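I opened the model today and kept notes as I went. The sequence and structure come first, then the entries.

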Amino acid sequence: MTRYKPAEFEVMDLKKILIVEDEQKIADIMVAYLDREGYSAKTTASGTEALELAASFDPDLVVLDLMLPDLSGEEVCKELRKRSDVPIIMVTARTAEEERILGLEIGADDYVTKPFSPRELVARVKSVLRRASGDDEFLAEKLSFNDDRMVIDVGRHEIKVDGETVTLTPHEFKLLVTIARHPGRVYSRYELINKVQGYDFEGYERTIDAHVKNVRHKIETDSKHPEYILTVFGVGYKFAD
Ligand code: CA
């Protein structure tokens, strides 16, 4: 006799993906592939509805097309960022490198360019979720600097600067932790992109610069004269020692 064991079903924690895409065909393909990988995907063609679903559906990750009929993907991204640090993968047009960089500057975690293969999208989704979920290498660990004026609780994904909690996106957090673990060591942009995104791509230098700019705005008293993340001209960045 087969016995029904509800506990086994409760253990399955389906990650929820919100797909914001107005081209129905593309949205359907994304859902089919994500579904097959065990994700629970929901789609909408509207930026306004996406913002509502961000609250009601509470996704673990958002795949966001930049060109939408109502709000632009950029507006949706900015609005989402005001409310949460949910990972966002931006979907952009193939030719527009500016668009991709812009996406990362306004807080997206990654992007795919159209046309992309559904497999590529699934790989990006997995990779972003893995990084967002805290990561195997991020153990319980606290880093503190400047007489405790900045404290990074790595395990809890929490940063406090002068007693105030600072919210970083998963990529920004990873960038900061990577360099803060080894103050004084110089990291090239190439090295950082590999550590932060997990791969390199055309335009990565400006991507790292964009992440650094965002992190500086959030943690530095004066982002033009940073005390923590220092530029090493012609090479990359280092954390002040
Ligand atoms: Ca579109």
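**Charges over rings**

I looked up Arg185 first: its charged end sits over the ring of Tyr187, 4.0 Å from the ring centre. I counted a charge as over a ring if NZ of Lys or CZ of Arg is within 6 Å of the ring centre and within 35 degrees of the ring normal. Arg36 lies over the face of Tyr33, at 4.7 Å from the ring centre.

**Ground rules**

I note that this is a predicted model, in which local features need pLDDT of at least 70 and side-chain atom pairs count only at pLDDT 80 or more, while totals for chains, interfaces and linings use all residues. Residues are numbered from 1 along each chain as its sequence is written, and side-chain values use heavy atoms, with hydrogens and water left out.

**Aromatic pairs**

How many aromatic pairs does the structure hold? I found three. Rings of Phe, Tyr and Trp (its six-membered ring) pair if their centres lie within 6.5 Å; planes under 30 degrees apart count as stacked, over 60 as edge-to-face and the rest as tilted. The rings of Phe145 and Phe239 have centres 4.5 Å apart and planes at 50°, so I logged the pair as tilted. Phe145 is in strand 6 (residues 142-145) and Phe239 in strand 12 (residues 236-239), so the pair ties together parts 94 residues apart in sequence. Strands (E, at least two residues) and helices (H or I, at least four) are DSSP runs, numbered from the N terminus.

Phe145 and Phe239 are both buried. Here buried means under 20% relative accessible area, exposed over 50%, and partly exposed in between (1.4 Å probe, protein chains only). Together with Tyr228, Phe145 and Phe239 form one aromatic cluster.

**Calcium ion**

Which residues coordinate the calcium ion? I listed Asp22 (OD), Asp65 (OD) and Met67 (O), at 2.1 to 2.3 Å. Donors are N, O and S atoms within 2.8 Å of the metal (3.2 Å for Na, K and Ca); water is not among the atoms, so sites may look incomplete. Asp22 is partly exposed, at 31% relative accessible area, and Met67 is exposed, at 58%.

**Helix 4**

In helix 4 (residues 73-83), I marked Gly73, Val76, Cys77, Leu80 and Arg81 as buried. They cover an arc of only 135° around the axis, which puts them on the same side of helix 4. The arc is that of the directions from the helix axis to the C-beta atoms. The face turned away from the buried side of helix 4 carries the exposed residues Lys82 and Arg83.
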